[in-house]
Amino acid sequence: MSVIYLLITISIIVALLFLYAFIKAVKQGQFDDDYTPSVRMLFDDETKNKTDKTNRD
């Protein structure tokens with residue numbers, strides 16, 4: 001029974017370490033998308049084209 005308590009404790013510690021690493025990565029900007037905004041201007045906006053068609057009718 002003591003092994004279960006040990007495993008639960010270790011798993012909680014590991015989960016907290018992963019949570020800390022994730023929060024630290026988010027704050028440092030690891031998940032910011034720097035590539036998409038520079039490429040976005042190369043593609044047509046589909047929503048803009050749809051509104052143009054409805055305005056012509």
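Phe22 counts as partly exposed, at 47% relative accessibility. This residue belongs to helix α1, which covers residues 2-27. The values in this report are computed from a predicted model.

**Fold and surface**

The chain contains 3 helices and 0 strands, and its pattern along the sequence is α-α-α. Of its 57 residues, 4% count as buried. The accessible surface of the chain amounts to about 5,900 Å², and carbon and sulfur atoms account for 63% of that area.

**The aromatic pair**

The structure holds 1 aromatic pair. The partners are Phe22 and Phe31, whose ring centres lie 5.7 Å apart with the planes at 45 degrees, so the pair is tilted. An angle under 30 degrees would count as stacked and one over 60 as edge-to-face, with the rest classed as tilted. The accessibility of the two partners is set out below.

| Residue | Relative accessible area | Class |
|---|---|---|
| Phe22 | 47% | partly exposed |
| Phe31 | 56% | exposed |

Phe31 is classed as exposed because its relative accessible area is 56% and the class begins over 50%. Phe22, at 47%, is partly exposed.

**The nonpolar patch**

Both Phe22 and Phe31 also contribute to a nonpolar surface patch of about 1,200 Å².

Technical notes: Residues numbered from 1 in each chain as written. Predicted model: local features only at pLDDT ≥ 70, side-chain atom pairs only at ≥ 80, totals over all residues. Heavy atoms only, no water. Phe/Tyr/Trp six-rings, centres within 6.5 Å; stacked < 30°, edge-to-face > 60°. Buried < 20%, exposed > 50% of the residue type's maximum accessible area, 1.4 Å probe, protein only. Patch = residues over 30% accessible without salt bridge, like charges linked within 9 Å, V, L, I, M, F, W, Y side chains within 5 Å. Areas by Shrake-Rupley, 256 points an atom, 1.4 Å probe, with all protein chains shown as cover. Salt bridge = Lys/Arg side-chain N within 4 Å of Asp/Glu carboxyl O. Helix = DSSP H or I, 4+ residues; strand = E, 2+ residues; numbered from the N terminus.
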